[in-house]
Amino acid sequence: MDKWTFGVTMLVVGMGGTMLTLGIMSVIIALLKKVFPYKKEAEEKS
(Lines give C-alpha, C1' and ligand atoms only; values in the text may rest on other atoms or scores of the structure.)
Protein backbone atom coordinates (compact mmCIF):
# COMPACT_ATOMS: atom_id res chain seq x y z
CA MET A 1 0.00 0.00 0.00
CA ASP A 2 1.53 3.31 -1.05
CA LYS A 3 1.55 6.57 0.93
CA TRP A 4 -1.53 8.06 -0.75
CA THR A 5 -3.70 4.99 -0.30
CA PHE A 6 -2.71 4.75 3.35
CA GLY A 7 -3.39 8.46 3.86
CA VAL A 8 -6.85 8.29 2.29
CA THR A 9 -7.65 5.15 4.28
CA MET A 10 -6.67 6.86 7.53
CA LEU A 11 -8.72 9.93 6.59
CA VAL A 12 -11.83 7.84 5.91
CA VAL A 13 -11.40 5.75 9.07
CA GLY A 14 -10.72 8.84 11.19
CA MET A 15 -13.69 10.83 9.91
CA GLY A 16 -15.92 7.77 10.03
CA GLY A 17 -14.96 7.14 13.64
CA THR A 18 -15.62 10.76 14.51
CA MET A 19 -19.07 10.75 12.89
CA LEU A 20 -19.93 7.42 14.52
CA THR A 21 -18.92 8.74 17.94
CA LEU A 22 -20.98 11.92 17.46
CA GLY A 23 -23.98 9.84 16.40
CA ILE A 24 -23.70 7.57 19.43
CA MET A 25 -23.41 10.58 21.75
CA SER A 26 -26.48 12.17 20.14
CA VAL A 27 -28.50 9.01 20.79
CA ILE A 28 -27.29 8.88 24.40
CA ILE A 29 -28.25 12.54 24.94
CA ALA A 30 -31.70 11.97 23.43
CA LEU A 31 -32.25 8.97 25.72
CA LEU A 32 -31.14 10.94 28.76
CA LYS A 33 -33.57 13.73 27.86
CA LYS A 34 -36.40 11.19 27.82
CA VAL A 35 -35.33 9.63 31.12
CA PHE A 36 -34.75 13.00 32.84
CA PRO A 37 -37.13 15.53 31.23
CA TYR A 38 -36.54 19.23 31.82
CA LYS A 39 -38.94 20.76 34.33
CA LYS A 40 -39.08 24.49 34.91
CA GLU A 41 -38.82 25.47 38.54
CA ALA A 42 -41.85 27.17 40.00
CA GLU A 43 -41.51 30.91 39.72
CA GLU A 44 -41.12 32.65 43.04
CA LYS A 45 -44.09 34.79 44.00
CA SER A 46 -42.92 38.25 44.95
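Reader: Is Leu 11 buried or exposed?
Author: In this predicted model, local features need pLDDT of at least 70, side-chain atom pairs count only at pLDDT 80 or more, and totals for chains, interfaces and linings use all residues. Residues are numbered from 1 along each chain as its sequence is written, and side-chain values use heavy atoms, with hydrogens and water left out. Buried means under 20% relative accessible area, exposed over 50% and partly exposed in between, with a 1.4 Å probe and protein chains only. Because its relative accessible area is 55%, Leu 11 is exposed.

Reader: In which helix does Leu 11 lie?
Author: Helices are DSSP runs of H or I with at least four residues, strands are runs of E with at least two, and both are numbered from the N terminus. The protein chain has 1 helix and 0 strands. Leu 11 lies within residues 3-35, which form helix H1.

Reader: What percentage of the 46 residues in the protein chain do buried residues make up?
Author: The protein chain exposes about 5,000 Å², of which carbon and sulfur atoms supply 71%, an area that comes from the Shrake-Rupley method with a 1.4 Å probe, where for residues only the protein chains shown count as cover. Among the 46 residues of the protein chain, the buried share is 0%.

Reader: Which residue's side chain does Asp 2 join in a polar contact?
Author: Asp 2 is placed in the segment before H1, and because its relative accessibility is 42%, Asp 2 counts as partly exposed. A polar contact is a pair of N or O atoms within 3.5 Å; within protein, one must be able to donate a hydrogen and the other to accept it, and residues adjacent in sequence count only if both atoms are side-chain atoms. At 2.4 Å, the side chain of Asp 2 has such a contact with that of Thr 5.
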